[in-house]
Structure formats: C-alpha cells, structure tokens
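Please read the points below with the structure open beside you. They are meant to be checked one at a time.

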Amino acid sequence: MAIKTVGFLGGMTAHSTVPYYTQINEHVAAILGPPNWASIIMYSFAYEEANALFMANDWAGVAAKFIATAKNMRTSGAQAIVIGCNAGHKVFDALQDAMDVPVLHIADATAQTVQKRGIKKVGLLGTEPVMRDDFIKKRLLEKAEGLQEVVVPESDEIDHLQNKVMPEVAAGKVSEEQRLWMVNMTKKLVERGAEAVVLGCTDFQFIIKAKDVGEGVLIDTMEEHARYIAEWSVGKI
C-alpha cells in the first residue's frame with residue numbers, strides 16, 4: 001500500500017510538534033504493522049514566524065505564512081496539509097481555498113470521537129481565539145451528529161487562561177498553581193453539564209491528565225488529529 005504524504009505545519013509550539021510527529025507514526029504502524037511509518041513533510045515555525053502573529057491578531061499574516069509554506073510542501077509532494085495547532089485553524093478556510101489538496105481539520109477528527117460517544121454537550125478549553133471565536137465550536141457542531149452545545153469558560157476565566165496559563169505553556173514550564181487551575185477549570189465545565197472536555201490546545205495534554213479529572217472526561221485534539229492523519233494517510237478515510 002502506498003502511504004500518502006502529509007505536509008505538516010508545526011512549531012506553534014515545538015513542545016507539541018514532537019509528540020504529534022511521534023503519534024502519527026505510531027498510528028500508521030498500528031494500522032499497517034511495523035516497520036511502516038508515515039510520510040511527512042514538516043515545517044516547524046520559529047516563534048516570531050507564527051505565534052507572534054497570533055498574539056498580534058494578525059490573521060492575514062498567519063494565513064499568508066501558512067499558504068506560502070503549504071505551497072512549498074505541495075511542490076515537494078504533499079498530498080494533504082495539516083495545521084498542528086487549534087488556533088491556527090482560524091485561517092483554515094483561507095488555506096483550503098488556496099490549496100488543490102485537502103487540509104485535514106483538527107475539529108473533524110475530534111468530532112468523530114464526540115459523535116461516537118454520543119455526546120450532546122461538550123466543554124472546550126483552548127487559547128482565547130479558540131474559546132471566544134466560532135471556528136472550532138461551529139465545526140464541532142457541524143461535524144458531530146447529535147452534539148447540541150459547546151460550553152466554554154466564562155469571560156474572566158478565558159482571560160486568566162490566556163494571560164496566566166498560556167505564557168507558561170509557551171515557555172514549557174507550567175507551575176503547579178496554574179496546572180491546578182486548569183484541572184479545576186475542567187471540573188467546572190463538567191459541573192456546568194459537559195459530558196466531556198475537549199482539550200482545544202495541542203499543548204494541554206502535558207498539563208491535564210485523566211487521573212486528575214477522571215477517565216473519559218478528556219478528549220485530546222492532538223491525539224484525535226494524529227489518528228485521523230494516519231488513517232487518511234493509509235486510505236482509511
């Protein structure tokens with residue numbers, strides 16, 4: 001079987017790009033058996049290339065950067081493009097419109113699990129754009145049959161996550177104080193009726209674990225996306 005090549009836009013942070021790559025390969029090997037691995041063309045952005053644009057809300061700049069890089073990957077043989085970051089999907093439509101190959105959406109992968117579990121109300125934790133804007137929430141509601149509501153933290157809680165937690169996440173050193181805040185925030189979303197909580201930032205898997213909040217509570221978008229990418233690569237999707 002010919003494994004299709006994926007162009008991976010990574011580095012939004014480097015902390016999550018490494019396990020993303022590993023998990024995609026592990027899923028391909030699990031499907032086809034070792035020593036079968038994924039075919040990936042990867043570009044890992046330096047901080048000032050992408051994250052600085054996110055922080056400045058320069059989404060036109062993000063789109064231009066992603067499109068230029070993805071087109072280079074396409075020239076090198078990429079048969080699909082992947083954005084290894086939830087917030088980066090804010091420019092998904094612009095990127096998809098510019099490409100002649102599919103862009104594999106992180107929320108489509110996550111929606112498969114939400115639908116499979118029959119979840120009607122799901123919580124969402126992520127960066128400020130992910131929680132305040134609709135590009136992830138709306139996609140989940142469109143793609144997960146039966147899902148009726150996506151609940152996010154209150155406005156002041158979003159501010160705390162963005163201004164207190166995310167700087168530590170970006171630095172790769174999250175204090176116990178902020179880790180516990182995230183655990184408690186997850187539990188609050190469950191108290192507000194969420195049947196599960198989507199980790200809508202690919203770095204959150206390093207902060208919140210199932211042992212902190214209970215089995216089955218967390219749906220990790222990186223894990224779901226890695227599985228989805230692998231399945232697409234081998235023709236299962």
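Across which strands does α3 lie, and at about what angle does α3 run to β1? α3 lies across β1, β2 and β3, and its direction makes about 150° with β1. Axes here are lines fitted to C-alpha atoms, for helices over the stretch in contact, and angles run from 0 to 180 degrees between N-to-C directions.

1. Basis of the note. This is a predicted model, in which local features need pLDDT of at least 70 and side-chain atom pairs count only at pLDDT 80 or more, while totals for chains, interfaces and linings use all residues. Residues are numbered from 1 along each chain as its sequence is written, and side-chain values use heavy atoms, with hydrogens and water left out. Helices (H or I, at least four residues) and strands (E, at least two) are DSSP runs, numbered from the N terminus.

2. The three-strand sheet. This open sheet has the order β2-β1-β3, with parallel pairing; two strands pair if DSSP finds at least two bridges between them. β2 and β3 are the edge strands, each pairing on one side only. On average, neighbouring strands of this sheet are turned by 20° against each other, direction ignored. Six bridges join β1 to β2, with valine 6 opposite isoleucine 40 in β2. Four bridges join β1 and β3, and glycine 7 stands opposite isoleucine 81 in β3.

3. Side chains of β3. In a regular strand the side chains alternate between the two faces of the sheet. In β3, Ala80 and Val82 point one way, Ile81 and Ile83 point the other way, and all are buried. Buried means under 20% relative accessible area, exposed over 50%, and partly exposed in between (1.4 Å probe, protein chains only).

4. Helix α3. The helix covers residues 59–75, and its 17 residues should span 24 Å at 1.5 Å a residue; the end C-alpha atoms are 24 Å apart, so the two agree. The expected span is 1.5 Å times one less than the number of residues. Buried residues of α3 include Trp59, Phe66, Ile67 and Met73. The buried residues of α3 pack against β1, β2, α2, β3, α4 and α6, where contact means heavy atoms within 4.5 Å. Glycine 77 follows α3 and has a positive phi, near 115°.

5. The four-strand sheet. Here the order is β5-β4-β6-β7, in an open sheet with parallel pairing. β5 and β7 stand at the edges with a single partner strand each, so one side of each has no neighbour in the sheet. The twist averages 30° from one strand to the next. Three bridges join β4 to β5, and lysine 121 stands opposite glutamate 149 in β5. Helix α9 packs on this sheet, touching β4, β5, β6 and β7, and its direction makes about 155° with that of β4.

6. Helices α8 and α9. Their axes come within 10 Å and cross at roughly 145°. Residues of α8 that meet α9 include Leu161 and Val165, and Trp181 and Met185 are among those on the α9 side. The residues of this contact divide into five nonpolar, two polar and four charged. Ala, Val, Leu, Ile, Met, Phe, Trp, Tyr, Cys and Pro count as nonpolar, Asp, Glu, Lys and Arg as charged, and the others, Gly among them, as polar.

7. Glutamate 177. This residue is in helix α9. Is glutamate 177 buried or exposed? Glutamate 177 is exposed, with a relative accessible area of 61%.
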